[in-house]
Amino acid sequence: MKILVVEDDDIVRTLLERVLTRNGYTVVAVEDGARGEEMAVSDNFDCIILDLGLPDKNGLEVCKFIRDHNIDTPLLILSAYNTVNFKVNGLDFGADDYLTKPFENEELLARIEAITRRYKSGKGNEVIELGDFTMDFIKREFMVNGRDVFLTNSEFDLMAYFLKNPNRIIDSKELAENVWEIKFDTKTNYINVYMSYLRKKIKEISPKNYLQTVRKKGFILNV
Ligand code: CA
């Protein structure tokens with residue numbers, strides 16, 4: 001597996017290179033956002049690790065640039081900023097996960113493994129057609145009434161979980177554990193934020209209220 005590391009801090013970058021290489025990854029490391037963008041669009045990686053505080057630009061811009069170029073490689077943001085807002089922003093810009101510095105090597109490796117596994121399993125050879133929805137796991141495409149809806153990786157995985165479990169109330173805990181494979185702090189707002197993104201994107205095509213909130217219980221996809 002090949003990983004792109006975009007990190008300006010020499011110590012952290014060297015540490016990442018050492019830990020990842022020791023665990024069997026091939027690492028390409030760059031020090032600024034411009035080179036990160038250049039590498040991301042010119043080569044194929046299995047995962048991208050991106051620092052937010054870069055010398056030439058904000059990592060969120062780099063993340064957006066990469067997604068705007070239709071590169072859906074799993075992307076982990078690594079940053080010293082530890083506020084929910086920054087996390088939600090990063091995920092909003094198309095990152096798949098977020099790890100705060102300082103981090104434990106084991107946690108870093110576990111997160112990388114989780115996002116790359118999710119990405120690959122989502123690439124299985126299956127298409128789900130259900131009601132007005134079509135989800136193609138090979139092309140990672142999602143359609144409503146035959147029209148493409150562009151979803152970020154996390155939105156795609158969330159929608160996939162609903163499509164695999166239609167017409168059933170699913171609580172936040174189940175979503176967190178199955179979609180993100182990590183235990184979310186239930187006090188944070190992640191899932192509601194994602195649900196609102198998904199609904200908004202679907203609403204642009206169909207006014208039907210497919211994804212409903214069931215008060216105090218969770219969410220349900222009605223098809
Ligand atoms: Ca930095």
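**Calcium site and helix packing in the predicted model**

Along the sequence, the residues that donate to the calcium ion follow the spacing D-x42-D-x1-G, where donors are N, O and S atoms within 2.8 Å of the metal (3.2 Å for Na, K and Ca), and where sites may look incomplete since water is not among the atoms. The structure is a predicted model, in which local features need pLDDT of at least 70 and side-chain atom pairs count only at pLDDT 80 or more, whereas totals for chains, interfaces and linings use all residues. Residues are numbered from 1 along each chain as its sequence is written, and side-chain values use heavy atoms, with hydrogens and water left out.

The protein donors are Asp8 (OD), Asp51 (OD) and Gly53 (O), which lie 2.2 to 2.3 Å from the calcium ion. Distant parts of the chain are linked in this way, for aspartate 8 belongs to the loop between strand 1 (2–6) and helix 1 (10–22), while glycine 53, 45 residues apart from it, belongs to the loop between strand 3 (47–51) and helix 3 (59–68); helices (H or I, at least four residues) and strands (E, at least two) are DSSP runs, numbered from the N terminus. Aspartate 8 has a relative accessibility of 29% and therefore counts as partly exposed, as does glycine 53 at 36%, the classes being buried under 20% relative accessible area, exposed over 50% and partly exposed in between (1.4 Å probe, protein chains only).

Valine 30 is located in strand 2 (residues 26–30) and is buried, with a relative accessible area of 9%. Leaving aside residues up to four places away in sequence, valine 30 touches Leu4, Val5, Val6, Glu7, Arg13, Arg35, Gly36 and Met39, contact meaning heavy atoms within 4.5 Å.

The axes of helix 6 (residues 153–164) and helix 8 (residues 190–203) come within 10 Å and cross at roughly 85°, the axes being lines fitted to C-alpha atoms, for helices over the stretch in contact, with angles running from 0 to 180 degrees between N-to-C directions. Helix 6 is therefore roughly perpendicular to helix 8, a term that covers angles of 65 to 115 degrees. From helix 6, Ser154, Glu155, Leu158, Met159 and Phe162 meet Tyr194, Met195, Tyr197, Leu198, Lys201 and Ile202 of helix 8. Within helix 6, serine 154 is buried, with a relative accessible area of 1%; apart from residues up to four places away in sequence, serine 154 touches Ala95, Asp96, Arg118, Val179, Trp180 and Tyr194.

Technical notes:
Parallel < 35°, antiparallel > 145°, perpendicular 65-115°, else oblique.
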